[in-house]
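Open the model in your viewer and keep the selection tool ready.

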Amino acid sequence: MEEFEVSASSRRTKSVYISTVISIALVLLMTGLLGLILVHAKNLSNYVKENIVLNIIVNDGVTEADILSLQKELDGNPAVLRTQYVSKELAARNLQNDLGEDFVKFLGYNPLLSSIDVYLKADYANKAGVETFTKQVSGNSMVKEVVYQDSLIDMVNKNIRVIGLIILAFAAILLIIAVALINNTIRLAIYSQRFLIKSMQMVGATKGFIRRPFLGYGILHGLLGALIAIILLLLTLYFAQEQIPEIVILRNYFEFALIFIGVICLGIIISSASTYFAVSKYLRLRMNDLYR
């Protein structure tokens with residue numbers, strides 16, 4: 001009979017531990033998914049900003065050697081990500097492809113000018129950065145004008161700012177919910193062990209001695225939950241790439257590693273902290289209060 005009770009108690013304890021790990025894993029999975037969304041949103045915003053083009057139109061009569069020298073000078077600018085030289089002939093071919101007609105043959109000459117397409121780094125792809133860069137370039141005698149879509153730059157930065165604030169607010173709310181869910185799950189698990197805790201205390205075990213195994217299990221549960229969450233996150237990334245191959249341009253392994261490390265740390269910290277406070281609560285209670 002005693003062996004049966006011990007066996008039943010052992011199975012019940014294992015069941016509680018397994019449900020605790022699964023609950024922690026699911027909560028950390030949601031947190032990790034939000035982290036991946038934040039990273040992809042940031043990388044997407046940088047990608048959009050870094051593909052806004054500024055056309056530097058060069059004066060007619062400037063030699064190709066001088067234009068290439070100007071391009072090299074622009075490449076050395078700390079705000080510039082990359083540049084592309086577009087000759088008069090290439091510009092004419094591109095326009096012919098867009099129009100579907102040979103306008104050079106119709107006009108008898110090529111009215112287009114050579115240009116340099118400039119793509120700024122994400123940190124400089126804003127109104128202030130573009131205006132500063134334009135003033136610097138416009139002072140060059142070879143430059144006729146700098147053409148760019150001012151409204152597009154404003155719209156992109158405004159939308160990215162709004163979306164970023166919404167995602168950050170959602171992230172803060174989800175983090176609070178995650179902490180609360182993990183804390184409640186662990187408190188319920190410790191609740192089932194409250195009589196064991198009090199029995200150990202009554203036979204003379206110190207608080208530190210009683211807490212130690214529970215904290216060990218708390219850290220282990222947080223680690224196991226985090227590892228399960230990471231495996232599910234990796235599977236999510238794999239299937240997302242299978243469905244949307246273009247998402248590969250937003251991939252950043254360093255940022256992914258930071259998210260995975262953050263998931264592990266979050267799982268261990270929340271789990272161990274919740275375990276510590278839950279065990280301490282029952283250590284403070286009197287025996288009669290355990291039945292409430």
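Select D60 and K88: their side chains meet in a salt bridge, at 3.8 Å from N to O. The term salt bridge here means a side-chain nitrogen of Lys or Arg within 4 Å of a carboxyl oxygen of Asp or Glu. The pair links distant parts of the chain, 28 residues apart. D60 sits in the loop between β1 (53–58) and α2 (64–75), while K88 belongs to helix α3 (residues 88–99). Helices (H or I, at least four residues) and strands (E, at least two) are DSSP runs, numbered from the N terminus.

Now colour by accessibility. D60 counts as exposed, at 59% relative accessibility. K88 counts as partly exposed, at 23%. The cut-offs are under 20% relative accessible area for buried, over 50% for exposed, and partly exposed in between, with a 1.4 Å probe and protein chains only.

A note on the source: this is a predicted model, in which local features need pLDDT of at least 70, side-chain atom pairs count only at pLDDT 80 or more, and totals for chains, interfaces and linings use all residues. Residues are numbered from 1 along each chain as its sequence is written, and side-chain values use heavy atoms, with hydrogens and water left out.

How many salt bridges does the structure hold? There are two. For the other stop, select E255 and K42, whose side chains meet in a salt bridge at 2.8 Å, N to O. E255 lies in helix α9 and K42 in helix α1 (residues 2–49), so the pair ties together parts that are 213 residues apart in sequence. E255 is buried, at 13% relative accessible area. K42 is partly exposed, at 39%.

Next, show α6 (residues 150–191) with α9 (residues 253–284). Their axes come within 9 Å and cross at roughly 45°. Axes are lines fitted to C-alpha atoms, for helices over the stretch in contact, and angles run from 0 to 180 degrees between N-to-C directions. The two helices are therefore oblique to each other. Angles under 35 degrees count as roughly parallel, over 145 as roughly antiparallel, 65 to 115 as roughly perpendicular and the rest as oblique. The α6 and α9 crossing is right-handed, that is, the near helix is turned clockwise from the far one by less than a right angle.

Show the side chains at this contact (heavy atoms within 4.5 Å). On α6, pick residues including L175, V179, I182 and I186. On α9, pick among others L266, I270, V279 and Y282. The contact residues divide into eleven nonpolar, four polar and two charged. Ala, Val, Leu, Ile, Met, Phe, Trp, Tyr, Cys and Pro count as nonpolar, Asp, Glu, Lys and Arg as charged, and the others, Gly among them, as polar.

Move to L33 in helix α1. L33 is partly exposed, at 30% relative accessible area. Leaving aside neighbours within four places in sequence, L33 is in contact with L233 and T236.

Last stop: Q71, in helix α2. Is Q71 buried or exposed? Q71 is buried, at 15% relative accessible area. Beyond neighbours within four places in sequence, Q71 is in contact with T83, Q84, Y85 and I116.
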